[in-house]
Amino acid sequence: LTTSKMAAPIIIPDTASVRKAVSFINTIDTGKFSRLLSRILQKLHLKGESTFTEEEEEKLQIAFSVEKQDLHLVLETITFILEQAVYHNLKPTILQQQLEHSHVDRDKAEVFATTWTAAGPDTVEKFRQRILSPQKLETIGWQLNLQMAQSTQAKQKSPQSVLELGVINQDSKNTEKVFVEFSHQELFEFYNKLETIQAQLDSLT
C-alpha cells in the first residue's frame with residue numbers, strides 16, 4: 001500500500017488562472033517576493049481594506065514587469081493561498097509541499113514557508129479575534145423568480161432563487177438585509193460549499 005504525501009486538504013486548485021499566477025510568481029526576485037508576502041500577511045485579516053494603494057500597485061507593476069491585470073491576479077492568488085493556510089492552519093512544511101506540487105519554484109515556496117513560520121500564528125490569531133464578533137445571521141428568507149429568455153426564439157424560462165439574509169452586527173446591534181441571487185447551477189455550487197463547511201465543522205466537534 002502507498003500512502004499519500006498530502007494528507008492535509010489540498011488548498012491550491014489546479015486552474016488556468018492559478019497556473020498563470022504561478023508562472024508570474026516564479027519570475028519575481030526572491031527578496032522582493034519575501035517583502036510582498038510579508039505585506040500581504042500583515043493586512044490579510046483586514047476585511048474590505050486594500051493591501052496596496054494605487055500608487056503602490058503601479059510601483060509593483062514596474063518592479064515585477066507585469067501588467068495591471070496580471071499583478072491583480074498574482075495578488076489575489078497569493079491572498080487566496082494565505083487565507084486557505086489560515087483556515088486550515090497549515091504547517092509551513094505542508095504549505096511548501098503543496099506549493100511545490102502546484103509548480104511554484106522551490107525558492108519561492110521556501111519564502112512562503114519561512115514567512116508563514118514567522119507570521120502565520122499571529123495571523124491565525126488575528127482572524128480568530130475578528131471572527132469572535134462577526135455579523136450574525138438572524139433570519140433567512142427566499143423567493144423564486146422565473147426569468148424569460150431574451151431571445152424570441154428561445155421559450156425557455158430560467159429559474160432564479162433569491163436568498164434574503166437578515167444579519168445583525170454583534171457590536172452595534174444594527175440589522176440589515178442582504179439579498180443574494182442564484183441561478184440553479186450557482187445554488188448547487190453554494191450548497192456544495194455549505195456541505196464542505198459542515199464537514200469541517202463536524203471534524204472540529
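In helix H3 (residues 54-64), the buried residues include Glu57, Leu60, Gln61 and Phe64. These residues lie on the same side of H3, because they cover an arc of only 105 degrees around the axis. An α-helix has 3.6 residues a turn, so residues three or four places apart point the same way. The structure is a predicted model. On the other side of H3, the exposed residues are Glu55, Lys59 and Ile62. The cover over the buried residues of H3 includes helix H2 (30-43) and helix H4 (68-88). Ser65 follows H3 and has a positive phi, near 55 degrees.

Ile28 is placed in the loop between helix H1 (16-25) and H2. The relative accessible area of Ile28 is 5%, under the 20% limit, and the residue is therefore classed as buried. Apart from neighbours within four places in sequence, Ile28 is in contact with Phe33, Phe64, Val74 and Lys108. One of these, Phe64, is also among the buried residues of H3. The C-alpha atoms of Ile28 and Ala63 are separated by 8.7 Å, with the two residues 35 residues apart along the chain.

Leu201 counts as partly exposed because its relative accessibility is 47%, a value between the 20% limit for buried and the 50% limit for exposed residues.

Terms used. Residues are numbered from 1 along each chain as its sequence is written. This is a predicted model: local features need pLDDT of at least 70, side-chain atom pairs count only at pLDDT 80 or more; totals for chains, interfaces and linings use all residues. Side-chain values use heavy atoms; hydrogens and water are left out. Buried means under 20% relative accessible area, exposed over 50%, partly exposed in between (1.4 Å probe, protein chains only). Helices (H or I, at least four residues) and strands (E, at least two) are DSSP runs, numbered from the N terminus. The arc is that of the directions from the helix axis to the C-beta atoms. Contact means heavy atoms within 4.5 Å.
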